[in-house]
Amino acid sequence: MKLKTAKQKTIDMLLDAGFVLTEEEKERVEVADFGLNRLEKEGLQLITYENNDYYCAKELVLFPNQTCPEHRHPPMDHTLGKQETFRCRKGKVYLYVEGKDASVIQANLPEEGKDFYTVFHEIILHPGEQYTIPPNTLHWFQAAEQGAIVSEFSTTSRDEYDIFTNPHIQRLP
């Protein structure tokens, strides 16, 4: 999928879900393929509303069955790392964090790179449900077959410092 197509699909999903976006926000939609070039399987689309020294607010958009790869937000600048709360707005999200593994997971691991997924404590988020991920916690997430929109509320976001389990991932181009 081309960047321009993915960006427009993201905008359409947000508008269809009732979100109101300014023209400037539409221009700022980010498409992250993590340098893997398999966006529809492993990737993430997002719009950052605010990111300052105190907090960050974003919308995360996942296409059907799309997976945001496993990563963590490490300690830095005298903080424990980024803490984030995910609130599902539309669709269904399978979120995996450190903890007791589920006996069977609902998500489908991406075939290519599946060895880089190591945490399987499963949290399923439906619209209106939320979960807070502690700082420096390994996590990954996947949309169900209809795709998903997740609001993220967190401490300051410094995506360039995220640590991914897959060493081939490049968060920022």
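## Contacts, rings, cores and cavities in a predicted model

Leaving out residues up to four places away in sequence, Asn 108 touches Thr 67 and Gln 142, where contact means heavy atoms within 4.5 Å. Asn 108 is placed in the loop between strand 5 and strand 6, strands being DSSP runs of E of at least two residues, numbered from the N terminus. With a relative accessible area of 55%, Asn 108 is exposed; the terms used here are buried for under 20% relative accessible area, exposed for over 50% and partly exposed in between, with a 1.4 Å probe and protein chains only. The C-alpha atoms of Asn 108 and Gln 66 are separated by 9.5 Å, although these residues are 42 residues apart along the chain.

This is a predicted model, in which local features need pLDDT of at least 70 and side-chain atom pairs count only at pLDDT 80 or more, while totals for chains, interfaces and linings use all residues. Residues are numbered from 1 along each chain as its sequence is written, and side-chain values use heavy atoms, with hydrogens and water left out.

### Aromatic rings

The structure holds five aromatic pairs, a pair being rings of Phe, Tyr and Trp (its six-membered ring) with centres within 6.5 Å, counted as stacked if the planes are under 30 degrees apart, edge-to-face if over 60 and tilted for the rest. Two of these pairs are set out below, including one between Phe 86 and Phe 141.

| Pair | Centre to centre | Angle between planes | Kind |
|---|---|---|---|
| Phe 86 and Phe 141 | 4.9 Å | 75° | edge-to-face |
| Phe 120 and Trp 140 | 6.2 Å | 80° | edge-to-face |

Because Phe 120 lies in the loop between strand 5 and strand 6 (121-125) and Trp 140 in strand 8, their pair ties together parts that are 20 residues apart in sequence. Phe 120 is buried at a relative accessible area of 17%, and Trp 140 is buried at 0%. One aromatic cluster is formed by Tyr 96, Tyr 117, Phe 120 and Trp 140.

A ring also takes part in another kind of arrangement: the charged end of Lys 9 sits over the ring of Phe 63, 4.3 Å from its centre, the criterion being NZ of Lys or CZ of Arg within 6 Å of the ring centre and within 35 degrees of the ring normal.

### Nonpolar cores

A nonpolar core is a set of buried Ala, Val, Leu, Ile, Met, Phe, Trp, Tyr and Cys residues joined through side-chain atoms within 4.5 Å. The largest has 22 residues, of which Phe 34, Leu 44, Phe 86, Leu 95 and Phe 141 touch the most other members. Two or more residues come from each of strand 2 (44-51), strand 3 (56-62), strand 5, strand 6 and strand 8, and strand 5 gives the most, with five residues. Another core, of 13 residues, lies apart from it and has Val 29, Ile 47, Phe 63 and Ile 149 among its members.

### Cavities

A search of the whole structure finds two cavities of 30 Å³ or more, a cavity being a set of points, on a 1 Å grid over the protein atoms alone, where a 1.4 Å probe fits but cannot get out, with lining residues having an atom within 4 Å of a point. The largest cavity holds about 130 Å³ of space, and of the 17 residues that line it, Leu 44, Lys 58, His 71, Asp 159 and Asp 162 are the closest to its centre. At least two residues of this lining are supplied by each of strand 2, strand 3, strand 4 (67-72), strand 5 and strand 8.

Key
Helices (H or I, at least four residues) and strands (E, at least two) are DSSP runs, numbered from the N terminus. On a 1 Å grid over the protein atoms alone, a cavity is a set of points where a 1.4 Å probe fits but cannot get out, and a pocket is an open set with protein on both sides within 12 Å along at least five of seven lines; lining residues have an atom within 4 Å of a point. Grid points are joined across faces, edges and corners, and a volume is the space filled by probe spheres set on the points.
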